[in-house]
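Student: Can you walk me through this one? I'd like to start with the strands.

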Amino acid sequence: MKKVGIIMGSDSDLPIIKKATDMLKSLDIPFEVHIYSAHRTPVEARDFALNARENGFGVLIAAAGMAAHLAGAIAANTTLPVIGIPCKSTNLDGMDALLSTVQMPTGIPVATVAINGGANAALLAAQIIAVEDKELAQKLDAKRASDAAAVLKKDSEVMNNL
Ligand code: RP5
């Protein structure tokens, strides 16, 4: 199975990345995590993206906050699918990172998930890998069904709590 590559701009993004790695682990998807910044370590970020396909990655997740150029900078250097996670920082509630991540110019797409959307980034990465992996696709179908069952259980109980 192809690996998921996860890059974060700073170790302060780790709590969001943990949501992604927990999800990937639950689906038995191999991954690798790095701290590379578009601004502080641009050479390492670029090299990682340039070599990602030949290093066995099938999809990349890039998480950054503030002037969040990481996902775009990664996407500029690979044609692997890139998923961007805008991370919330203290001043602008994540709107800064959301717009910096999602507003990509034509030709260099970044599939942007919600602010702090680590779990959904992992699920989207899993769905991309599952295009060519029947067993993983079945796991994703089973997860959808059990998530729906959990909601319906709450529905059946909601009146009892009012
Ligand atoms: C971004 O700036 C990082 O992704 C992080 O979300 C934000 C703040 O970084 P630190 O100052 O906490 O290292 O590059």
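Tutor: Strand 1 (residues 3–8) runs parallel to strand 3 (residues 57–65), and six bridges join them. Strands are DSSP runs of E, at least two residues, numbered from the N terminus. Two strands pair if DSSP finds at least two bridges between them.

Student: Which residue is the bridge partner of Met 8 in strand 3?

Tutor: Ala 63.

Student: What order do the strands of the sheet have?

Tutor: The order is 2-1-3-4-5, in an open sheet of five strands with parallel pairing. Strand 2 (31–35) and strand 5 (111–112) are the edge strands, each pairing on one side only.

Student: How far can I trust the model and the numbering?

Tutor: This is a predicted model, so local features need pLDDT of at least 70, side-chain atom pairs count only at pLDDT 80 or more, and totals for chains, interfaces and linings use all residues. Residues are numbered from 1 along each chain as its sequence is written, and side-chain values use heavy atoms, leaving out hydrogens and water.

Student: New topic. Which polar atoms lie by oxygen atoms of the ligand?

Tutor: A polar side-chain atom of Ser 12 lies 2.7 Å from a ligand oxygen. For a polar side-chain atom of Arg 40, the distance is 2.8 Å. A polar backbone atom of Gly 65 is 3.0 Å from a ligand oxygen. A polar contact here is a pair of N or O atoms within 3.5 Å.

Technical notes:
Polar contact = N/O pair within 3.5 Å; in protein donor to acceptor, adjacent residues only side chain to side chain. Helix = DSSP H or I, 4+ residues; strand = E, 2+ residues; numbered from the N terminus.
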